[in-house]
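Dear colleague,

I am handing over the structure we spoke about, and below it you will find an account of what was found in it. Please keep the model open beside the text as you read.

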Amino acid sequence: MTVKEKVTKIDEEKSKSEEAKEEEPRIGVFICHCGHNIADTVDVAKVAEYAKDLPNVVKAEHYMFMCSKPGVQMVKDSIKELGVNRTVVASCSKNQHGRTFANAISEMGLNKHRHQQVNVREYNSWVHRKEKAKATEKAKKLVEAGVNRARKLEDVETRRVSTTKAALVIGAGIAGLRSANDLAELGIPVYLIERLSTIGGHMTQLNKTFPTLECPQCSISPLTNGVANHPLIELYTNAQIKSVEGSMGNFEVEVEITPRYVKDNCTSCGECAEHCPVELPSEWDSGMSIRHAIYKAYPQAIPATYVRDKKHCIECNTCINVCPVQAIDFSMQPETKTFKVGSIIVAVGYDEYNPAEIEPYHYGQEGYENVITQLKLERMLAPGSLTNSQVLRPSDAKIPKSVVMIQCVGSRNDQVGNQYCTGVCCKFAVKNARIVKEMYPDADVTICYIDVRTPGLNFEELYKSAQEVGVRFIRGRPSEIVRDPISGNLEVVVEDTLSITPLQLQADLVVLSAAMVPPEGIGPLGSKLHVLRSKEGFLKEFHIKMNPTLSSKGGIFLAGAIQGPKDISESVAQAGSAAALAAAPLVKGYIEKEMLVPTVDFDLCVRCGLCKTVCAPAAIEINDDGTPMINEVACKSCGMCMPACPTGAIQLLNFSDDQLLDEIKAISGGVICQDEL
Amino acid sequence: MSCENIDPEVLEKMENIVVFMCNECGQGSANTAGVARMTYNPAIRIVRVQCTGQVGPIQIMDALNNGADSVACVGCCLGACHFFNGNILSMHRIKLLKKVFKELGYSDQFVNQYTSRAAEGETAVGDFEDIVIRLADAIIEEGTIKDGC
Amino acid sequence: MVKEQTFAFFLGCIMPNRYPAIEKATKFVMEKLGYDLLEMERATCCPAPGVFRSFNKMDWMVAGARNLCIAEQLDADILTVCNGCFGTLQEINKHLKENEEHRELVNEKLKLLGDYEFKGTINVRHVAEVLGYEIGPWGIEDHIVRKINLKAAIHYGCHFLKPTRIREIESSEGPTIIEDFVEVLGVESVRFKDQLTCCGAGGGVKAYSGDASMTIFGEKMKNIDEVKPDIILDICPFCHLQYETGQDYLNKNKGCNYDYPVIHLSQLVAYAMGMDQEFVGLQYQMMGRDFIFGGEVIKREEEAI
């Protein structure tokens, strides 16, 4: 919608409600006995009497059970027979029966929002049972306040906003792939955006997945191929989000694509890499192998097209010369593409915690090459690895005679890292320990733990099986890893808290079970999406129990580890949930929203822009002339913009300063002290 | 002091306490308190707002100007605001207002900010009791606003 | 503002009583570098950060604060050469600057001792970090008269760097401040196993259980012996005492044959800056009496006037 169109819409509504204001308010007031619940404490007859005399009240009744069929009929009849155009029911809470009466009056042709519910039960009769006189007085005041509110109630339109039938998925790890697949199967075109040059995420880096010890490459391969070949999915790798505009149902996302410098006719023959003189440690392989300046991250990578690392390329042009299909093109330029989508799913996964922060473990320091992380161990064990799937010490390539794994590195830590338990490390440590022990039965394999947490079907069994092959478990958090400066040998200093014995464990190889932390770059990405983050840095879900795959912003959904550390099964389950939620408004074709939105009086507006700064769902934009433009779809009707405005130019429909003042006046008792305060 | 120890004369002076409660946890906790049949001072009158972030100095002063003895905002507990940070904005506003009251020479206990939890009625009742206690202190010190303190 | 280039020199207990050579060496070094060292009249034991503090923390703070007040009245930062004194005074100083409640309580008690009031106007410095950071290897280069060629096993001790968030000098897990500094003097640091552990003396251990103290120390000497340094370098007179008497004890009771000269940083730097070896005081110590520092004299061009 253009600004002009939007403004016109607002004006139309304004004149409609002005019409409503101009028509004389005829208020019907109904006090409920609710059996004994209200009537025993509050003198409902007196309250009804009181209400009768209030201005604009044309009918004031009390009845036994307003929510019953005859009760509701009373309300309806008053509209038909007496031309009542605003209703007040004083009974239970708005959550309980507010909707009952609102629906009733809408059946009679009145807008649902012309009904005001007054709570004289939970807020009055039930809490003041011993003070009947005061309760009755209070009830009178509450009803008067309700009447005052009802007098100025305006229609609130429910609008259907048509949605763009397309979705964008950020991140092509297991969660992103799965949700992209599920969306495409529902007939929704998907744009899948991946930051790296290959898809599959961390899952492809693993050796085996628990508890079944399956090969993750095999498990994920049908999915990666399916996604790459799906007619409705457009895959963009080497791509990052530049900006996100719009609101649920209608987003506009700008994506920046870094060039691969290799065209799509690449046959993946590998000649270029073979002849490339530049050698670098492979990031994907945790530094366990060498890649070249032109490379494919790993043999089964999808897309299979090679990619050039411009930063390290020395431009010798050898690759261009040897490529049999002339696929290499150094002149390719970065591209910016804009996608119009209705829903966005964020599935950007996690990073492995960097244990260098824990100084006593000396991770990454000279002399401590044999201190590695579990991800590096996975890469060592994986088929086709540099070590030929053997476990070898990085310092001298010998098979370790003693392997010590340390749990909770960067988790459950008050001093560094994070307080939370990642919840996945015990499972993969136990899995890896068993694999290593089975490969090298003569080696000592020890896990130093605080608690072993392996819940869920099949995981206790996995833990037991590791014990049975002889993995040793020591309950204690190692304080440090010490190195003998002469021999270079490492020892893990830990107290066995079960036998209260301090130990120094010989460790030819130390494997740290590092935590799962939010991925690098989540801060700027979160800001671009206008979604909230938890204090640990992950993206915050809408409700931890009832809606873990919806973010704080409508239309943007979360899937996988970005919402909190979790394993592959949970990520896949969440991906399905996110896809279903994301698909709903797209498949329906529209979103229905009540337009309980603010209006702006441009005569009062001083163009300060303060309203935009307090709007949490980012529903207010500032036009070129300084006036605010309200995105009615994104607006959550919180009203925070109102007090921020210095002139009262912005007012929330049916919650204006004016209307609230009427309610406050009635509740507060009277008018006094006007000069002094 | 606790609610029971307040001088009945002082309690008599409390006629209208306006409490703005937010649509989520605020009114939720008052509801739960009602369902559990807890009791509190009938001077407490609840005004339902979308979010305590919506309550500005205008609403609060309107209440005090029109006969309220004390005003309070009850919102969701920190981190749980349905609209992200409305409860925090409200807290800042109330803090500033308290300073203004002090500058004007009034007690700063006439306006307060609380949080509550929708499932726990006792949080609402606890907040209400605190409002009454603070108001009692202010009345003892200075008298009610209505009396021109 | 405290006086520039001036320190109130806090002597502590062990140095003036057992190793006065360290005091002389410190004075030599600091005065050559252009600092004024003021005497702290009526200063007492710091008191020690281990035993005293664990018995009565409040009184420990009062006694320490009294020493700090003396320096405040001299309007100069405190310089100490001992880890223990540094631990006590630096921590009490920082704590009372930040904690108003304790400051008031301490000042109330201080009044009973005389005209003392803790105001929080000075800082507490250790000679190792004054030399290591403030002067630094670049600052000392021009003052070196003799470049010594030695291998030293450096003992950092406990209270100099820890607790890291209170001292705020350097990481206690992999410090390099002393070895970086002495490198320019020609001294090479040799790393040994468990280098950063306690010498076994402090915390009341030496007094309470000589056996435990010697067990801990014995481990340390074994590790040092493996790397065969020329000297053992320390920055604390108590560690100094432990290394001296400990080696003697081990020789007499455990069949060891140690004779490593034990040198405090001040002694080493003083020698490098031109002080004669006889003033370094090795002849008054127990170990390494025959040790010669040696080193090459550095010729400097006369500065044109």
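**What was found**

In chain A, three strands form an open sheet in the order β22-β23-β24, and their pairing is antiparallel. Please bear in mind throughout that this is a predicted model. The edges of this sheet are held by β22 (480-483) and β24 (501-507) of chain A, each of which pairs on one side only, and neighbouring strands are turned by 30° against each other on average, with direction ignored. Between β22(A) and strand β23 (residues 490-496) of chain A there are four bridges in the antiparallel sense, and within β23(A) it is V493(A) that stands opposite E480(A).

Chain C also holds an open sheet, here of four strands in the order β2-β1-β3-β4, and in this case the pairing is parallel. Because β2 (36-39) and β4 (124-126) of chain C stand at the edges with a single partner strand each, one side of each is left without a neighbour in the sheet. Neighbouring strands of this sheet are turned by 40° against each other on average, again with direction ignored. Strand β1 (residues 6-9) of chain C is joined to strand β3 (residues 77-80) of chain C by three bridges, the two running parallel, and A8(C) has I78(C) of β3(C) opposite to it.

Helices lie against this sheet as well. Helix α4 (residues 57-74) of chain C packs on the sheet and touches β1, β2, β3 and β4 of chain C, with a direction that makes about 125° with that of β3(C). Helix α7 (residues 127-140) of chain C lies across β1, β3 and β4 of chain C and runs at about 75° to β4(C).

Two helix pairs of chain C may also be of interest to you. Helix α2 (residues 20-32) of chain C packs with helix α13 (residues 265-272) of chain C at an angle of about 50°, their axes being 8 Å apart, and on account of that angle α2(C) counts as oblique to α13(C). The crossing of these two helices, α2(C) and α13(C), is left-handed. On the side of α2(C) the contact is made by A21(C), I22(C), A25(C), T26(C), F28(C) and V29(C), and on the side of α13(C) by S266(C), Q267(C), V269(C) and A270(C).

In the second pair, helix α11 (residues 210-227) of chain C and helix α12 (residues 237-253) of chain C pack at an angle of about 90°, with their axes 10 Å apart, which makes α11(C) roughly perpendicular to α12(C). The residues of α11(C) that make this contact include F217(C), M221(C) and I224(C), while those of α12(C) include Y243(C), G246(C) and L250(C).

Turning to chain B, strand β1 (residues 17-22) of chain B is mostly covered, six of its six residues being buried. I17(B), V19(B) and M21(B) point one way from β1(B), whereas V18(B), F20(B) and C22(B) point the other way, and all are buried. This strand, β1(B), is joined by five bridges to strand β3 (residues 70-76) of chain B, and the two run parallel; in that pairing V18(B) stands opposite V71(B) of β3(B). Six bridges join β1(B) to strand β2 (residues 44-49) of chain B, also in parallel, and there C22(B) has V49(B) of β2(B) as its bridge partner. Together with helix α2 (residues 25-35) of chain B, the strands β1(B) and β2(B) make a right-handed β-α-β unit.

How do the chains meet? Of the two pairs of chains that touch, chains A and B have the most contacts between them, whereas chain B and chain C do not touch, their nearest C-alpha atoms being 25 Å apart.

W126(A) sits in the loop between α6 (121-125) and α7 (132-151) of chain A, and because its relative accessibility is 8%, W126(A) counts as buried. Leaving aside neighbours within four places in sequence, W126(A) is in contact with N37(A), R121(A), G34(B), V35(B), R37(B) and M38(B). Of these, N37(A) is 89 residues away from W126(A) along the chain, yet their C-alpha atoms are separated by 7.0 Å.

With kind regards

Notes
Residues numbered from 1 in each chain as written. Chains lettered and ligands numbered in written order. Predicted model: local features only at pLDDT ≥ 70, side-chain atom pairs only at ≥ 80, totals over all residues. Heavy atoms only, no water. Buried < 20%, exposed > 50% of the residue type's maximum accessible area, 1.4 Å probe, protein only. Pairing = 2+ DSSP bridges. Right-handed = clockwise from strand over helix to strand, strands pointing away. Axes fitted to C-alpha atoms, helices over the stretch in contact; angles between N-to-C directions. Parallel < 35°, antiparallel > 145°, perpendicular 65-115°, else oblique. Left-handed = near helix turned anticlockwise from the far one by under 90°. Contact = heavy atoms within 4.5 Å.
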